Amino acid sequence: MNATRTAPPHLVEVRRYRYRIEPRGAMRVPGVVFASRELLADAEQSLAQVAGVATLPGIVTASYAMPDIHWGYGFPIGGVAASDVADGGVVSPGGVGFDISCGVRLLAADCDRRTLGPALRQVMDGLDRAIPRGAGPGGVWRPSGTGERERILRGGSRYAVQRGFGEERDLVRCEDGGAVADAEVTEVGERARERGLGQVGSLGSANHFLEVQQVDEVHDTAAATAFGIAPGQICVMIHCGSRGLGHQICTDHVRLMDRAMTRYGITVPDRQPACTPVESPEGEAYLGAMAAVANYGRANRQLLSDATRRVFRQAAGVRLSLVYDVSHNLAKLETHEVDGAPRRLCVHRKGAARAFPPGHPDLPDDLRSTGEPVLIPGTMGTASYVLAGVPGGDAFHSTCHGAGRRMSRHEAARTVTGRELRARLEQHGIAVRPRSWRGLSEETPEAYKDVAAVVAASEGAGLCRTVARLVPLGVVKG
DNA sequence: ATGTAC
């Protein structure tokens with residue numbers, strides 16, 4: 001149940017693209033919102049969530065919000081919060097979201113728009129047939145039994161590649177080398193496993209998509225070269241998550257934590273977001289399950305990449321190499337400096353991407369001097385971006401994750417029909433392969449903030465730098 | 001986001 005709506009917290013402009021919410025009441029730290037005035041106009045009610053997150057036990061430095069902030073379950077989408085593990089810091093499933101491990105993968109083709117030529121149509125038709133999408137079951141590959149299912153949860157992309165669904169080099173270009181080590185498969189309940197089993201290698205629905213894109217502008221040639229992209233080049237962007245498996249894990253663990261919270265003496269506004277200390281049986285159970293789902297999400301994107309590569313090879317003789325794969329819905333145990341001392345933190349990024357700076361030891365060797373690639377899926381018919389981490393990046397090295405919704409799904413569907421939208425996009429030279437007309441209309445570009453403004457605010461706030469802008473040529477949607 | 005509600 002929602003409490004009475006109170007006035008949104010007061011924002012003070014610290015400098016351009018940086019606002020502050022002073023700690024009041026139960027807030028343990030300030031709120032820091034990276035945005036422009038224009039972007040804030042669409043974010044008013046989610047500022048209360050930024051203040052709510054600031055009350056979490058053990059939270060350090062600030063409750064952060066990225067320029068694409070919008071209303072979410074408990075935490076705002078576009079929120080970043082870190083808690084100090086040794087100081088009773090908590091982990092919250094609401095700080096990760098229902099779509100655990102949702103993220104983006106970018107593949108670069110060995111051709112440009114001109115050399116691909118009319119084969120684009122065959123590629124789109126091939127993808128239309130090869131990419132499972134929409135709600136419900138169906139994936140490109142079904143694990144054969146319990147053993148294989150558990151190896152996906154433990155091994156992520158690494159297992160998918162071992163199994164023949166990719167190349168060894170892919171793993172170098174995946175966050176965490178394609179798998180996190182701390183997956184605890186025993187914490188993944190039977191219902192979650194069942195839901196996940198038949199959905200390995202599927203897009204899902206809503207804002208998830210697979211797009212054939214073209215590199216439209218390169219802003220940073222050195223970084224683009226290191227990432228493997230150049231002007232005019234054909235790319236494929238895949239945005240998807242962990243399907244029913246992640247949803248079920250979030251549901252299960254919110255329930256467990258909700259029951260346990262009072263035992264730890266934790267009270268939160270509106271009974272959400274549910275949380276328990278990282279160092280508690282419930283906290284450890286969630287993090288173990290979440291890590292298993294993180295691996296599942298990566299395997300999902302790996303399987304979809306394999307299916308996409310097959311289509312490009314058969315329809316156009318084109319090869320795709322992985323640029324990067326990064327999630328924007330995860331909690332991670334990381335070491336960051338707080339008040340001049342290194343602390344072990346549980347960093348929640350919900351609708352926020354990690355953006356390690358140049359020189360960070362966890363980056364792949366060939367990207368270490370460049371900074372971590374960040375992949376920003378835009379809205380249909382506009383543009384997507386490739387960014388990079390910068391030295392001194394704020395918010396525990398995080399940045400924006402997308403355009404950010406501005407209109408409800410219902411409102412969006414009222415503005416345009418799916419058929420009208422497809423006609424409009426095709427007029428602009430964008431091929432559309434939808435699964436449902438309703439789903440397409442809900443994703444109309446007007447339903448989102450201006451992704452260029454979000455990227456400009458993120459860069460202006462010192463969170464990242466722009467490497468390239470990509471425009472869509474073909475969209476595959478659920 | 002989600003077998004779009006227990």
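1. Chain A has 14 helices and 19 strands; both are DSSP runs numbered from the N terminus, helices being H or I of at least four residues and strands E of at least two. This is a predicted model, in which local features need pLDDT of at least 70, side-chain atom pairs count only at pLDDT 80 or more, and totals for chains, interfaces and linings use all residues. Residues are numbered from 1 along each chain as its sequence is written.

2. Along the principal axes, the C-alpha atoms fill a box of roughly 60 × 50 × 45 Å.

3. Next, the packing. Of the 478 residues in chain A, 63% are buried (under 20% relative accessible area, with exposed over 50% and partly exposed in between, using a 1.4 Å probe and protein chains only). Among contacts (heavy atoms within 4.5 Å) with a separation of 6 or more, 76% join residues 24 or more positions apart.

4. Now to the cysteines: how many disulfides does the structure hold? The structure holds zero, a disulfide being a pair of cysteine sulfur atoms within 2.5 Å. For Cys-235, the nearest cysteine sulfur is that of Cys-111, 9.4 Å away. Cys-235 counts as buried because its relative accessibility is 0%.

5. Cys-346 also has 0% relative accessibility and so counts as buried. Its closest cysteine sulfur, in Cys-275, is 11 Å from its own, too far for a bond.

Conventions. Chains are lettered from A and ligands numbered from 1 in the order in which they are written. Side-chain values use heavy atoms; hydrogens and water are left out.
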